[in-house]
Amino acid sequence: AEYMGNFGGLLDDRDSVEVEYVTSGLDEADPAYAHFARVFAKLQPPPEEPKPRPEPKESRPDAELAPAAERGLSRKQRKQLKRLDVAQLKQLVPRPDVVELHDANAADPKLLVHLKAYKNTVPVPPHWCQKRKYLAGKRGFEKPPFALPAFIADTGISRIRQGYAEQEEAKRAKQRQKDKVQPRTGKINIDYQVLHDAFFKYQTKPKMTHYGDLYHEGKEFEVRLPDHKPGFL
């Protein structure tokens, strides 16, 4: 009990103790002092600049208080003034032959022309900027019926199918209904070796467009001369 009493007195004395921290003197001649001084100077926050006071509305000039329409040009007119002309755009790009009339309206005309001049770039179909609907000029043209390729027509399959269709038309309705319920195979008598030779021996490659060759209205009526090239007689 006596020990605990002494311990309690020590705790009371600890609260009344005042600790004084004494720092050692700094020698400004020491090279380390100059080094740390530069480090701490960089860590200091930048000085706050005084904020400019806003001018009262009465002191502003009348030109700033006027609306955009009264100041001179509208927003659309100012945008058109900043826009490049087609002639200026052709002088700034390395491939002026790909520049079109509407390229100057883009947000970044130089980037657009660079993408159009890139290798193997497929152009956008020109009907995107036309006011009329796509293929509106083909109204009234009668679409020709589908014709079998020559290597399939040579097998005589069209004549066989035509004869089978005539037989079906000559049947009565009761016979047709019976054929639907109980269909029979082998109605068309054709040599399958002929069909095999037609597809694996005599098949010809259809006409296909080249890479980037897009369809446009009236393309099927154009005369193509595959054996002739411009500049050669």
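Q: What's the relative accessibility of Lys116?
A: Lys116 comes to 27% relative accessibility, so Lys116 counts as partly exposed. Buried means under 20% relative accessible area, exposed means over 50%, and partly exposed is in between (1.4 Å probe, protein chains only).

Q: What kind of model is this?
A: This is a predicted model: local features need pLDDT of at least 70, side-chain atom pairs count only at pLDDT 80 or more, and totals for chains, interfaces and linings use all residues. Residues are numbered from 1 along each chain as its sequence is written, and side-chain values use heavy atoms, with hydrogens and water left out.

Q: How many helices and strands are in the protein chain?
A: Eleven helices and zero strands. Both are DSSP runs, numbered from the N terminus: helices are H or I with at least four residues, strands are E with at least two.

Q: And how much of the chain is buried?
A: Of its 233 residues, 8% count as buried.

Q: What share of the contacts joins residues 24 or more positions apart?
A: Among contacts with a separation of 6 or more, 38% are of that kind. A contact is heavy atoms within 4.5 Å.

Q: How many salt bridges does the structure hold?
A: Six. In each, a side-chain nitrogen of Lys or Arg lies within 4 Å of a carboxyl oxygen of Asp or Glu.

Q: Why would such side chains pair?
A: Opposite charges can pair when the charged atoms come close.

Q: Back to Lys116. Which residue does Lys116 form a salt bridge with?
A: Glu100, with the closest N and O atoms 3.8 Å apart. Lys116 is in helix H7 and Glu100 is in the loop between helix H6 (86-92) and H7, so the pair ties together parts 16 residues apart in sequence. Glu100 is partly exposed, at 37% relative accessible area.

Q: What about Glu220, which partner there?
A: Glu220 forms a salt bridge with Lys138, the closest N and O atoms being 3.2 Å apart. Glu220 sits in the segment after helix H11 (192-200) and Lys138 in the loop between H7 and H8, so this pair ties together parts 82 residues apart in sequence. Glu220 is partly exposed at 40% relative accessible area. Lys138 is partly exposed at 30%.

Q: Which residues do shared partners join into one network?
A: Glu100, Asp103 and Lys116, through salt bridges.

Q: New topic. Which residues form the positive surface patch?
A: Arg75, Lys76, Arg78, Lys79, Lys82 and Arg83. Lys and Arg count as positive, Asp and Glu as negative; His and the chain ends are not counted. Patch residues have over 30% relative accessible area and no salt bridge; like charges are joined within 9 Å, nonpolar side chains (Val, Leu, Ile, Met, Phe, Trp, Tyr) within 5 Å. A charge is placed at NZ of Lys, CZ of Arg, CG of Asp or CD of Glu.

Q: Where is Lys76?
A: In helix H5, residues 75-82. Lys76 is exposed, at 62% relative accessible area.

Q: Which residues make the nonpolar patch?
A: Phe36, Val39, Phe40 and Leu43, over about 420 Å². Areas come from the Shrake-Rupley method with a 1.4 Å probe; for residues, only the protein chains shown count as cover. Phe36 lies in helix H2 (residues 31-43). Phe36 is partly exposed, at 47%.

Q: What's the phi of Asn120?
A: About 60°, positive although Asn120 is not a glycine. Asn120 lies in the loop between helix H7 (109-116) and helix H8 (150-153).
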